Amino acid sequence: MDVTASANFVKQYFGFSEEMSAEGFVSLSRPDAGFNLIFLKTGLETFKPIHMRGHRADRLLVAFVVDDIDREYTRLQSEGVTITTPIETEPWSERFFQVTDPNGVVIQLVQWMTDPQP
């Protein structure tokens with residue numbers, strides 16, 4: 001996995017900033033997120049668990065809840081991002097779409113059309 005490519009994708013299209021980085025590692029944040037998004041190359045000697053070293057990012061999905069799904073959809077399209085899954089609305093009121101970064105990490109943007117039920 002090219003962690004720099006994934007980091008650059010979320011920096012360019014989702015407004016994250018790099019907090020720190022080293023070989024095979026990038027930590028990103030946004031002031032309004034309340035968390036850091038970290039990309040770590042799995043093939044590193046220090047990667048735990050050992051049995052996962054070298055695995056790709058396939059089957060990885062990162063979801064972000066947004067306030068205006070249609071605005072984000074239009075913004076990303078206008079910036080040239082390929083939409084992997086067009087906007088859909090699930091019966092349980094989850095409206096979402098997906099894009100995919102250069103490493104195959106699926107980024108899903110979600111807007112709850114009503115409060116999700118527990």
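Let's start with helix 2 (residues 69-78), which lies across strand 5, strand 6 and strand 7 and runs at about 20° to strand 6. Keep in mind that this is a predicted model.

What do those strands belong to? They are part of an open sheet of 4 strands, with mixed pairing and the order 4-7-6-5. Strand 4 (61-65) and strand 5 (83-89) stand at the edges with a single partner strand each, so one side of each has no neighbour in the sheet. From one strand to the next, the twist averages 15°.

Now for a pair inside that order. Strand 6 (residues 94-100) and strand 7 (residues 106-112) run antiparallel, and 7 bridges join them. To pick out one spot, Q98 has Q108 in strand 7 as its bridge partner. Helix 1 (residues 3-14) packs on the sheet too, touching strand 6 and strand 7, and its direction makes about 35° with that of strand 7.

| Helix | Residues | Strands involved | Angle |
|---|---|---|---|
| Helix 1 | residues 3-14 | touches strand 6 and strand 7 | about 35° to strand 7 |
| Helix 2 | residues 69-78 | lies across strand 5, strand 6 and strand 7 | about 20° to strand 6 |

One residue deserves a look of its own. S93 sits in the loop between strand 5 and strand 6. Its phi is positive, about 80°, even though S93 is not a glycine. Most residues other than glycine have a negative phi. Is S93 buried or exposed? With a relative accessible area of 18%, S93 is buried, because the cut-off for that word is under 20%.

Methods. Residues are numbered from 1 along each chain as its sequence is written. This is a predicted model: local features need pLDDT of at least 70, side-chain atom pairs count only at pLDDT 80 or more; totals for chains, interfaces and linings use all residues. Side-chain values use heavy atoms; hydrogens and water are left out. Two strands pair if DSSP finds at least two bridges between them. Helices (H or I, at least four residues) and strands (E, at least two) are DSSP runs, numbered from the N terminus. Axes are lines fitted to C-alpha atoms, for helices over the stretch in contact, and angles run from 0 to 180 degrees between N-to-C directions. Contact means heavy atoms within 4.5 Å. Buried means under 20% relative accessible area, exposed over 50%, partly exposed in between (1.4 Å probe, protein chains only).
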